[in-house]
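Thanks for asking me to look over this one with you. Here are my notes as numbered points, to read alongside the sequence and the structure.

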Amino acid sequence: MIIIGIAGGTGSGKTTVVRKIVDSFPVGEVALLSLDSYYKDSSHIPIEERQNINFDHPNAFDWDLLSQQVEMLRQGIAIEQPVYSYLTSSRQKETLHTEPREVVIIEGILALSDKRLRKQMDLKVFVDADPDERLIRVIQRDVVERGRTAEAVMERYVKVLKPMHQEFIEPAKQYADLIIPQGGHNEKAIEILKMYIEKIIAR
(Lines give C-alpha, C1' and ligand atoms only; values in the text may rest on other atoms or scores of the structure.)
Protein backbone atom coordinates (compact mmCIF):
# COMPACT_ATOMS: atom_id res chain seq x y z
CA MET A 1 0.00 0.00 0.00
CA ILE A 2 1.12 3.53 -0.74
CA ILE A 3 -0.41 6.50 1.08
CA ILE A 4 -0.20 9.80 -0.80
CA GLY A 5 -0.99 13.28 0.47
CA ILE A 6 -1.96 15.86 -2.15
CA ALA A 7 -2.22 19.46 -0.99
CA GLY A 8 -2.40 22.88 -2.63
CA GLY A 9 -4.37 26.10 -2.57
CA THR A 10 -8.05 26.44 -3.41
CA GLY A 11 -8.39 26.36 -7.19
CA SER A 12 -4.87 25.00 -7.74
CA GLY A 13 -6.02 21.92 -9.66
CA LYS A 14 -5.75 19.27 -6.92
CA THR A 15 -8.99 17.62 -7.93
CA THR A 16 -7.86 17.38 -11.55
CA VAL A 17 -4.55 15.79 -10.54
CA VAL A 18 -6.33 13.30 -8.28
CA ARG A 19 -8.87 12.41 -10.98
CA LYS A 20 -6.13 11.73 -13.53
CA ILE A 21 -4.34 9.46 -11.07
CA VAL A 22 -7.52 7.58 -10.16
CA ASP A 23 -8.50 7.18 -13.83
CA SER A 24 -5.12 5.63 -14.65
CA PHE A 25 -5.66 2.67 -12.32
CA PRO A 26 -8.20 -0.17 -12.46
CA VAL A 27 -11.56 0.61 -10.87
CA GLY A 28 -11.43 0.08 -7.12
CA GLU A 29 -7.65 0.19 -6.78
CA VAL A 30 -7.54 3.70 -5.30
CA ALA A 31 -9.17 4.82 -2.04
CA LEU A 32 -9.76 8.56 -1.75
CA LEU A 33 -9.97 10.44 1.52
CA SER A 34 -11.10 14.02 1.05
CA LEU A 35 -9.91 16.33 3.81
CA ASP A 36 -13.24 18.18 3.47
CA SER A 37 -14.97 15.11 4.89
CA TYR A 38 -13.06 15.55 8.15
CA TYR A 39 -14.27 18.98 9.19
CA LYS A 40 -15.18 18.96 12.87
CA ASP A 41 -18.86 18.44 13.55
CA SER A 42 -20.54 21.80 14.17
CA SER A 43 -24.07 20.56 14.83
CA HIS A 44 -23.84 21.75 18.46
CA ILE A 45 -23.19 25.33 17.31
CA PRO A 46 -26.19 27.57 16.48
CA ILE A 47 -26.80 27.71 12.71
CA GLU A 48 -26.26 31.47 12.51
CA GLU A 49 -22.84 31.10 14.17
CA ARG A 50 -21.66 28.31 11.85
CA GLN A 51 -21.30 30.86 9.05
CA ASN A 52 -18.39 32.37 11.00
CA ILE A 53 -16.33 29.16 11.02
CA ASN A 54 -13.02 29.53 9.19
CA PHE A 55 -12.91 26.36 7.08
CA ASP A 56 -9.43 27.22 5.77
CA HIS A 57 -7.82 27.08 9.22
CA PRO A 58 -6.18 23.86 10.54
CA ASN A 59 -8.35 24.04 13.67
CA ALA A 60 -11.44 23.33 11.55
CA PHE A 61 -10.37 19.73 10.94
CA ASP A 62 -10.66 16.54 13.01
CA TRP A 63 -7.05 15.45 12.58
CA ASP A 64 -7.33 12.74 15.23
CA LEU A 65 -10.10 10.91 13.37
CA LEU A 66 -8.37 11.23 10.00
CA SER A 67 -5.05 9.94 11.35
CA GLN A 68 -6.81 7.06 13.10
CA GLN A 69 -8.65 6.02 9.94
CA VAL A 70 -5.51 6.27 7.80
CA GLU A 71 -3.77 3.91 10.22
CA MET A 72 -6.74 1.52 10.06
CA LEU A 73 -6.49 1.39 6.27
CA ARG A 74 -2.75 0.77 6.57
CA GLN A 75 -3.55 -2.23 8.78
CA GLY A 76 -6.07 -3.55 6.27
CA ILE A 77 -9.17 -2.47 8.18
CA ALA A 78 -12.12 -0.86 6.38
CA ILE A 79 -13.31 2.54 7.65
CA GLU A 80 -16.51 4.55 7.76
CA GLN A 81 -15.48 7.88 6.27
CA PRO A 82 -17.54 10.81 7.58
CA VAL A 83 -19.81 12.78 5.26
CA TYR A 84 -19.91 16.54 5.74
CA SER A 85 -22.62 18.89 4.53
CA TYR A 86 -21.65 22.39 3.40
CA LEU A 87 -25.31 23.40 3.52
CA THR A 88 -25.68 22.76 7.25
CA SER A 89 -21.98 22.97 8.20
CA SER A 90 -22.35 19.72 10.11
CA ARG A 91 -21.43 16.06 9.88
CA GLN A 92 -24.14 13.80 8.47
CA LYS A 93 -25.50 10.60 10.01
CA GLU A 94 -24.55 8.55 6.96
CA THR A 95 -20.94 7.52 6.33
CA LEU A 96 -18.93 6.39 3.32
CA HIS A 97 -17.68 2.81 3.62
CA THR A 98 -14.08 2.73 2.42
CA GLU A 99 -12.04 -0.44 1.94
CA PRO A 100 -8.22 -0.59 2.09
CA ARG A 101 -6.71 -0.29 -1.41
CA GLU A 102 -3.28 -0.45 -3.03
CA VAL A 103 -3.31 3.34 -3.32
CA VAL A 104 -4.76 5.66 -0.66
CA ILE A 105 -4.93 9.36 -1.52
CA ILE A 106 -5.55 12.07 1.09
CA GLU A 107 -6.55 15.23 -0.77
CA GLY A 108 -7.20 18.73 0.55
CA ILE A 109 -5.85 22.24 0.95
CA LEU A 110 -4.13 21.41 4.25
CA ALA A 111 -3.30 17.75 3.61
CA LEU A 112 0.39 18.38 4.38
CA SER A 113 -0.16 20.69 7.36
CA ASP A 114 -0.48 18.10 10.13
CA LYS A 115 2.82 16.63 11.34
CA ARG A 116 1.36 13.29 12.47
CA LEU A 117 -0.48 12.83 9.17
CA ARG A 118 2.67 13.64 7.17
CA LYS A 119 4.51 10.84 8.97
CA GLN A 120 1.85 8.38 7.79
CA MET A 121 2.35 9.34 4.13
CA ASP A 122 4.71 7.55 1.76
CA LEU A 123 4.58 10.41 -0.73
CA LYS A 124 3.72 14.08 -0.25
CA VAL A 125 2.61 16.17 -3.24
CA PHE A 126 1.93 19.91 -3.50
CA VAL A 127 -0.09 21.16 -6.47
CA ASP A 128 0.98 24.71 -7.25
CA ALA A 129 -0.64 27.36 -9.43
CA ASP A 130 -0.45 31.08 -10.11
CA PRO A 131 -2.57 33.05 -7.57
CA ASP A 132 -4.47 34.86 -10.34
CA GLU A 133 -5.35 31.54 -11.99
CA ARG A 134 -6.51 30.13 -8.66
CA LEU A 135 -8.74 33.15 -8.07
CA ILE A 136 -10.32 32.82 -11.52
CA ARG A 137 -11.04 29.13 -10.92
CA VAL A 138 -12.52 29.84 -7.49
CA ILE A 139 -14.81 32.52 -8.94
CA GLN A 140 -15.93 30.22 -11.77
CA ARG A 141 -16.55 27.29 -9.42
CA ASP A 142 -18.33 29.17 -6.64
CA VAL A 143 -20.55 31.17 -8.98
CA VAL A 144 -21.61 28.12 -10.99
CA GLU A 145 -21.64 25.38 -8.34
CA ARG A 146 -22.44 27.27 -5.14
CA GLY A 147 -24.61 30.11 -6.40
CA ARG A 148 -22.42 32.89 -5.04
CA THR A 149 -21.88 36.27 -6.71
CA ALA A 150 -18.45 37.12 -8.10
CA GLU A 151 -18.27 40.04 -5.64
CA ALA A 152 -18.96 37.76 -2.67
CA VAL A 153 -16.31 35.27 -3.84
CA MET A 154 -13.68 37.98 -4.25
CA GLU A 155 -14.49 39.44 -0.84
CA ARG A 156 -14.06 36.00 0.76
CA TYR A 157 -10.84 35.50 -1.19
CA VAL A 158 -9.34 38.72 0.19
CA LYS A 159 -10.58 38.25 3.77
CA VAL A 160 -10.11 34.50 4.22
CA LEU A 161 -8.63 32.47 1.36
CA LYS A 162 -5.58 34.63 0.64
CA PRO A 163 -4.41 35.15 4.25
CA MET A 164 -5.02 31.49 5.15
CA HIS A 165 -3.13 30.40 2.03
CA GLN A 166 -0.15 32.55 2.97
CA GLU A 167 -0.17 31.48 6.61
CA PHE A 168 -0.87 27.75 6.38
CA ILE A 169 -1.06 26.33 2.85
CA GLU A 170 1.97 27.86 1.12
CA PRO A 171 4.38 27.04 4.01
CA ALA A 172 3.41 23.34 3.74
CA LYS A 173 5.07 23.28 0.32
CA GLN A 174 8.40 22.74 2.12
CA TYR A 175 7.26 19.27 3.18
CA ALA A 176 6.41 18.08 -0.34
CA ASP A 177 8.44 15.37 -2.05
CA LEU A 178 7.02 16.50 -5.38
CA ILE A 179 5.70 19.92 -6.45
CA ILE A 180 3.44 20.05 -9.51
CA PRO A 181 3.46 23.55 -11.01
CA GLN A 182 0.59 24.63 -13.31
CA GLY A 183 -1.80 22.35 -11.46
CA GLY A 184 -3.79 19.83 -13.46
CA HIS A 185 -2.37 21.13 -16.74
CA ASN A 186 1.08 19.69 -16.04
CA GLU A 187 0.71 16.37 -17.87
CA LYS A 188 4.40 15.45 -17.63
CA ALA A 189 4.52 15.85 -13.86
CA ILE A 190 1.33 13.84 -13.47
CA GLU A 191 2.76 11.06 -15.68
CA ILE A 192 5.92 10.97 -13.54
CA LEU A 193 3.75 10.73 -10.42
CA LYS A 194 1.72 7.87 -11.90
CA MET A 195 4.87 5.97 -12.89
CA TYR A 196 6.26 6.36 -9.36
CA ILE A 197 3.04 5.01 -7.85
CA GLU A 198 3.03 2.05 -10.23
CA LYS A 199 6.65 1.30 -9.33
CA ILE A 200 5.86 1.28 -5.59
CA ILE A 201 2.85 -1.01 -6.10
CA ALA A 202 4.91 -3.40 -8.27
CA ARG A 203 7.29 -4.01 -5.38
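This is a predicted model: local features need pLDDT of at least 70, side-chain atom pairs count only at pLDDT 80 or more; totals for chains, interfaces and linings use all residues.

1. Next, the overall build. The protein has seven helices and seven strands. Read from the N terminus, the order is β-α-β-α-α-β-β-β-α-β-α-α-β-α. The C-alpha trace spans about 50 × 35 × 30 Å along its principal axes. A compact globule of 203 residues would have a radius of gyration near 17 Å, so the 17 Å of this protein agrees with that expectation.

2. On the inside, buried residues make up 46% of the 203 residues. Among contacts with a separation of 6 or more, 74% join residues 24 or more positions apart.

3. Now to the largest nonpolar core, which has 31 residues. Leu33, Leu66, Ile106 and Leu110 touch the most other members of this core. Two or more residues come from each of β1, β2, α3, β3, β5 and α6. Helix α3 gives the most, with five residues. There is also a second, separate core of 18 residues, and Ile4, Val17, Val18 and Val127 are included in it.

4. Helix α3 deserves a visit of its own. It covers residues 63-74, 12 residues in total, and reaches 16 Å from first C-alpha to last, close to the 16 Å expected. Which of its residues are buried? They are Trp63, Leu65, Leu66, Ser67, Gln69, Val70 and Leu73. An α-helix has 3.6 residues a turn, so residues three or four places apart point the same way. The buried residues of α3 pack against β1, β2, β3, β4, β5 and α4. Just after the helix, Gly76 has a positive phi of about 85°.

5. Apart from neighbours within four places in sequence, Ile106 contacts Ile3, Ile4, Gly5, Ile6, Leu33, Leu66, Val70, Ala111, Leu117 and Met121. Two of these partners, Leu66 and Val70, are also among the buried residues of α3.

6. Is Asp56 buried or exposed? Asp56 sits in the loop between α2 and α3, and it counts as buried because its relative accessible area is 5%, under the 20% cut-off. Not counting residues up to four places away in sequence, Asp56 touches Thr10, Ile109, Leu110, Arg156, Val160, Leu161, Met164 and Phe168. Leu110 is one of the core residues named in point 4.

7. The side chain of Gln174 reaches the backbone oxygen of Pro171 at 3.0 Å. Gln174 and Leu32 are 142 residues apart in sequence and 23 Å apart in space, C-alpha to C-alpha.

8. Finally, Glu49, which lies in helix α2.

Technical notes: Residues are numbered from 1 along each chain as its sequence is written. Side-chain values use heavy atoms; hydrogens and water are left out. Helices (H or I, at least four residues) and strands (E, at least two) are DSSP runs, numbered from the N terminus. The expected span of a helix is 1.5 Å times one less than its number of residues. Buried means under 20% relative accessible area, exposed over 50%, partly exposed in between (1.4 Å probe, protein chains only). Contact means heavy atoms within 4.5 Å. A polar contact is a pair of N or O atoms within 3.5 Å; within protein, one must be able to donate a hydrogen and the other to accept it, and residues adjacent in sequence count only if both atoms are side-chain atoms. A nonpolar core is a set of buried Ala, Val, Leu, Ile, Met, Phe, Trp, Tyr and Cys residues joined through side-chain atoms within 4.5 Å. The radius of gyration is taken over C-alpha atoms; the globule rule is 2.2 Å times the number of residues to the power 0.38.
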